[in-house]
Every structure is written in structure tokens, then in C-alpha cells.
Amino acid sequence: MKRTWWKEAVVYQVYWRSFYDSDGDGVGDLQGVIEKLDYIQHLGADVIWLNPCYESPDKDNGYDISNYYAIMEKAGTMKTWETLLDEVHKRGMKLIMDLVVNHTSDQHPWFIESRSSRDNPKRDWYIWRDKPNNWRSYFTPSAWEYDELTGQYYFHSFAAEQPDLNWKNPEVRQEIYKMMRFWLDKGIDGFRLDAIALLAKPEGFPDAADPNDICYLANNPGLHEYLREMHEQVFRHYDIFTVGEVAFVSPEEGLKYVAEDRRELNMLFHFQVCDEMPSWEPLRFKQIQKHWYDVLWGKGWNSQFLNNHDHTRQVTRYGNDKEYRVESAKLLGTMLHTLPGTPYIYQGEEIGMTGVRFSSIDDYNDIAMKNKYKEEIAKGKDPQEVLESLQPLSRDNSRTPMQWDDSPNAGFTTGTPWIKVNPNYKEINVKQALQDKNSVYYYYQKLIQLRKENPVMVYGTFCDYTENEPYIYAYTRELDDVRWLIVLNHCDHANDYELPGSLAAYKREVVLGNYLDIQENGNVLHMRPHEARIYRLI
Ligand code: GLC
């Protein structure tokens, strides 16, 4: 398999508005990111994924871009951004920018022109129809918004303020490629491509049999031609990596995006885990991992993540954020850094930050949640019940400010934070983590260091020995004559795991574990709640 820097990398996602506020306006900013770069470097991550910071009315926290060539005022200036890129590079790290090309803001000059009249030259840059079909969008009951001025509907996969670009139009594509080159020429190291599976739309927009299953929004014919063109005209001219957010794909479909011989993208985020598993389902998780591995290995590259700015913090959603928070956070980290694919750390994950429950809908900001709330209330549902049903997966679970210390607002801002801080910041914060040598932070640091020193974690083949085990997940990674065994007891009680003969034949050496001592009796491993171990088999 071809070795590349981005396969070996560990990516750290910075949701800058919640990371660190350098000027006291309550919103994190790029200067704040600069001030905390040493922290990220000390952790060991080598690539930063920066959420969108382009000019935007900010209806969907920057995913509604009104000017691709400018920096949002809240975030800083182009000069601050350039300093950030410089400072990242000075530390030997890389920066990838989150880019939204499926849609723009409705305040983008292109859309303002497009909606101004039916014969405006930019009319066809967006998607206009006389009649809507029955599709939902991600955030609204209809994917179509009626525009009175010209008496037609425009299409939006997300909020009404995020009209979809018409990728069929070659002028649109050329404008986007030009803009991509603008950022790449500034020296960035790649893109995270937002909602990239949505670019192509089906001919004629036929009604869906089940409008609630919105997978019709993604993977439509024509998409791969766009991606190949994008690669040909843009990506291949730079030493960069691209990771696509690819909704609703099976491994077989996913491979089409990342197969090395197809020249489209380098890596993908698939959502089989997040979409199918509101909470932990071990057997399904193992199947998903194995299936993706079987289809992708040696042909295209995967990512590993369980949370990000859209998905509730992993220790809350998939682990135990109460009595075993520290062990559980370490176990999940062990798993993500030892399964095949590039691991992504979402800010705060490395200190075991948890999800949040705000008591009132007014404390939430997430447009997806708020729109859904309104929709359900309009149907006459009980507000409290609706709130409770939406809380577990609200995107704001991950968007509360980074917890730096136990001072007011967790040291995130000296002003009033744009979203409330998680009340547990007094116990869970960076300052505490840095003072405790057994913290989640130092464990992550160790995991990252191991990845740098042991190619087996990146390039080793994968074999699961516990496909039908509900609690223990034991798998090997093997590269040449190096063989690692990872054993995870993903549950709140202890379990013994007896090694199968083929593994018992080796001598074992502990590489890393999240308990201070190792308990085993011959070939029976006594695994305590949320215990994780990495062994070298010799
Ligand atoms: C992606 C982003 C999400 C955003 C959406 C629309 O899913 O991760 O935050 O709301 O695209 O751009």
C-alpha cells in the first residue's frame, strides 16, 4: 500500500467559535486558535481541520457562505488567518480548510442575482422549479422554498437560507475550482469537503416513495464526474489531501469516492455508525468496521471518528460519561486510533468532554434542532417532550465552549459566551488534565506518539476475533512481522476474555493500557469496566 502523510496523520478538529475567545466578545476566533496552537502541538496532532470561517450570515454556523474569499468578522481578518496558517506550518503541522460547495448562503451575491429575475444570467446557478417535489431537506419539511418575486421554488438540501448550487452549470463549477485554487495557492494542505455527496441532483426530481428517508439527497448520478473533474482541474496540482463528508453510503458506494485509481478524493467520512446507532451497539459496530475494511483495504482510505461538531460527544453517546468517564474516554480513543483509517479528534475529546442538557430550547442554537422543534410543536406536540427527544442528538452537545480551566466560563472567554458552557467545567478542563499524569489528555498523547512510531497502527492488516461477542472487542493489526492485539471491554462490568489458540500461542508485551496494572491468568484476560489494552505479540 502506498504510504502517505495523511494516512499517518492524526487530525484535530477546531470548531473555532467554541475553541478560544481572544478578544472577549464571547465568540472564539482565529487569534484564539493561534494562541492555543502549542496546546494542539503538545498533544501531538499534526493536522488541523478548521471549521468554516468564511464570510457568512452565520445561520448555520458558517456553513452558509456569503463570500468565499473573505474571513468572517467574528473569526478575524484575512491577515489573522494568514498568520494562523504560518504559525501552523512553523510548528510542522498542516491546515485543512472546511469548504462548502454544495450550497451558499442566500445572501451570497450569486444567489441575490439569481433570485432577482427569471432571466438573470445567474438564474441557472441555482435550482429553480415551478413545482416542488415531495422531498424533505435536512433541516426543513420541504427542500423547496417559494420565492414570491419570480414565482418559482428554489432547492435547498439544508436550511432555506442555504440554497443549493446548480453543479450542472459549467460556469458554477469553474467558479468553484477557481476559488479552491485561491485557497490552495495560499498554501493550505487540503480540504474537508462539506456535504460533498449531495452535489448531483437526479434528473427531473421524481417524488420519493418515502420522503422521510432523505437518502435521496445524496449519491445521485453525475456526482463522480464532478469529483473527477475537480481532481483533474484542481487537486492533482497540489500536495494536499481531501476528505469528503459522504452521507448515506455503503462501503461499496464509498469506495467510489476514495479508490486511489479513480482520482477523486483521498478519504471519506461515512456515517453508518452515527446514522444507525443513536447509542452503542457493539455487534453492529463490529460489522460496520469489518465491512468497510474488507471493501476499502488496499484500495482506498477511511477515517475514524465517533463525534464532531454535528455529533454528540462520544463519551456521552457511546461510552459512559459518569462513573467510568475517564476509562471510557480512553477506551474509545484506543479504539479509534487502532482501527484502520486516519483518526480524527474533535476538540475537547482529548480531555473527555461530555454532552450537555440545557433546560430550555432558548439556550440552544443549533438550526437543525430548532427547526425540528418548531415543526413538532406546530403539530401540537408537548414542548417538554419534544425538547427531551431532541436533546440527546442535538448538535450543541459538541458545540459548548472548550473547557480550559475552572475559572468563569471555563476560561473560554472573558465575555458572555455565544452558547452556554457545560456546567461540569470545574471538574473537566484542560488545566486539570495537564496536572494529572493519568488524564485522558496524556493517554491521547501516548496514542498519537505510538502512531508516529509504529507503522503497524497505520498500515497493519486488521482481523476481528470477536465478531459475535457483545462486550469484548479484540482485534489484531499486523504489518510484516509486527503483530499487535487490541482488547477492549466496552461495558460497565468486568469480563474475562480467553484468548483463542491462535493468539494464545504468542508471548505478550503490554504497549498501553488504561488501567495501571494488567490482570490476567494464563490466557484469560481479566478486563475491568471500560478497560482497554494494546499488546505486542511476539
Ligand atoms: C455538514 C456540516 C454541518 C452543516 C451541513 C450543511 O453536514 O458538517 O454542520 O450544517 O453540512 O452545510
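Visitor: Why is arginine 263 called exposed?

Guide: Arginine 263 has a relative accessible area of 53%, and since exposed means over 50%, partly exposed in between, and buried under 20% (1.4 Å probe, protein chains only), arginine 263 is therefore exposed. This is a predicted model, in which local features need pLDDT of at least 70 and side-chain atom pairs count only at pLDDT 80 or more, while totals for chains, interfaces and linings use all residues. Residues are numbered from 1 along each chain as its sequence is written, and side-chain values use heavy atoms, with hydrogens and water left out.

Visitor: What makes phenylalanine 205 count as buried?

Guide: Phenylalanine 205 has 6% relative accessibility and therefore counts as buried. Phenylalanine 205 is placed in the loop between strand E9 (190-194) and H7, and its phi is near 45 degrees, again a positive value in a residue other than glycine.

Visitor: Which residues does phenylalanine 205 touch, not counting those up to four places away in sequence?

Guide: With contact meaning heavy atoms within 4.5 Å, phenylalanine 205 touches Ile127, Arg129, Asn133, Trp135, Trp144 and Phe155.

Visitor: Why are H6 and H7 called oblique to each other?

Guide: Helix H6 (residues 170-185) and helix H7 (residues 223-233) pack at an angle of about 40 degrees, with their axes 11 Å apart. Angles under 35 degrees count as roughly parallel, over 145 as roughly antiparallel, 65 to 115 as roughly perpendicular and the rest as oblique, so H6 and H7 are oblique. The contact is made by Arg173, Gln174, Tyr177, Met180 and Arg181 of H6 together with Tyr226, Glu229, Met230 and Gln233 of H7.

Visitor: Which residues is methionine 180 in contact with, leaving aside its neighbours within four places in sequence?

Guide: Methionine 180 is in contact with Leu99, Val101, Phe191, Leu193, Met230, Val234 and Phe235.

Terms used. Axes fitted to C-alpha atoms, helices over the stretch in contact; angles between N-to-C directions. Helix = DSSP H or I, 4+ residues; strand = E, 2+ residues; numbered from the N terminus.
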